[in-house]
Amino acid sequence: MNVVVFAGGVGGAKLADGMTRSTDDASLTIIVNTADDFELYGLYISPDLDTVMYTLAGIANPETGWGIAGDTFQNFEMLARYGVSPWFRIGDRDMATHLLRTQMLRNGATLAEVTHTLSRRLGVKARILPMTNDRVRTVVDTDEGLYAFQEYFVKLKWQPEVRSLIYEGAEEAEPLPDALRAIETADTIVIAPSNLYLSIDPILAIPGMRDAVMNASAPIIAVTPIIAGEAVKGPAAKLMRELGSEASAAAVAQHYAEFLNGFVLDERDAEFQPRIEAMGIGVLLADTLMRDADDRARLACEVITFADRLRPEKMGGCKLNAPTPAQSPSSQPTHADR
Ligand code: FO1
């Protein structure tokens, strides 16, 4: 079964991780937001691609969701000693990713080729595709002026009030042929519980991407990023209110309504089921909180089975496969490395 997942940061990576245990990795393609990318110290940094890659490789920092588990920050501390007052915490192991990606890009590789090489070397079997190889940057227009994404998100902890979002460069960007083909040939398309404005909309803003989704024959299922009016993580609910929308799961379904076949609603928000069904969208009530690896696999499995119900011709449904053995201690960064 060919599954395509649209994902951004931490929430998207967790569901994608669950998918690797609910369908065989070879038939799993994750299309990832790159509008959070930026340059720092001359290095090209791609946070959402790295969060998905580290999560699927089983080495992501479980507390933050981004960066590498057990990483150290000697480089960060030395930068601080030079009075650089660094604000974007790049760990020493994480730094290797940025060094290699920057070098490969400078040598003419595309972002997709870099991502393929790095993720394969970390043992990731699923296919991780950037939404484009071109430069797209989310610019945040706030009551304090315009901010680059990471300045808004990390430095200012997404506190400024947002007036609008600009996906700079999106009109000129091109989608990857591999991504369009994956959407066209998918049996199931999943919009992960990522931020609708910061992770999913930038992907759909790439010319050709929204049309590909609209014309896809596969059922399209979104998993709610909002539970009881709040985001599981990050500014999604705050942004919905600031951009004039109701901060609710129903409003998320409405946001995707033009192409959505199914919506996975958290059981705490069951009251919205009739309203979403009235949009012509099927609803699955589920516990959408992913607290651990089993939750991720369970939710992914429910999504796959839900898609099966929405598809005219039945397919194999979900077969939970054994959890991938945790990385052997030797390969995991150990405390001794500190
Ligand atoms: N997010 C933070 O809130 N603070 C950080 O210092 C930080 C560092 C960081 C380093 C590498 C990386 O790949 C991600 C990092 N993030 C950090 C998360 C990042 O800003 C967000 O994950 C995305 O851009 C939004 O999903």
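In this predicted model, helix 1, covering residues 10-19, packs against helix 13, covering residues 293-310. Their axes are 7 Å apart and meet at an angle of about 75 degrees. Because angles from 65 to 115 degrees count as roughly perpendicular, helix 1 is described as roughly perpendicular to helix 13. On the side of helix 1, the contact is made by Lys14, Leu15, Asp17, Gly18 and Met19. Helix 13 contributes Arg296, Ala297, Leu299, Ala300, Val303 and Ile304. Sorted by class, this contact between helix 1 and helix 13 has seven nonpolar residues, one polar residue and three charged residues.

The structure has one cavity of 30 Å³ or more, and the volume of the largest cavity is about 40 Å³. Its lining is formed by Asn61, Trp66, Gly67, Ile68, Asp71, Phe73, Arg89, Gly91 and Asp94. The classes are evenly represented in this lining, with three nonpolar, three polar and three charged residues.

Setting aside neighbours within four places in sequence, Glu230 is in contact with Pro225, Ala237 and Arg241. A further distance relates Glu230 to Ala249, which is 19 residues away along the chain. The C-alpha atoms of Glu230 and Ala249 are separated by 9.1 Å.

Note on methods: Residues numbered from 1 in each chain as written. Predicted model: local features only at pLDDT ≥ 70, side-chain atom pairs only at ≥ 80, totals over all residues. Heavy atoms only, no water. Contact = heavy atoms within 4.5 Å. 1 Å grid on protein atoms, 1.4 Å probe; cavity = no way out; pocket = protein on both sides within 12 Å on 5 of 7 lines; lining within 4 Å. Points joined across faces, edges and corners; volume = space filled by probe spheres on them. Nonpolar A, V, L, I, M, F, W, Y, C, P; charged D, E, K, R; others polar. Axes fitted to C-alpha atoms, helices over the stretch in contact; angles between N-to-C directions. Helix = DSSP H or I, 4+ residues; strand = E, 2+ residues; numbered from the N terminus. Parallel < 35°, antiparallel > 145°, perpendicular 65-115°, else oblique.
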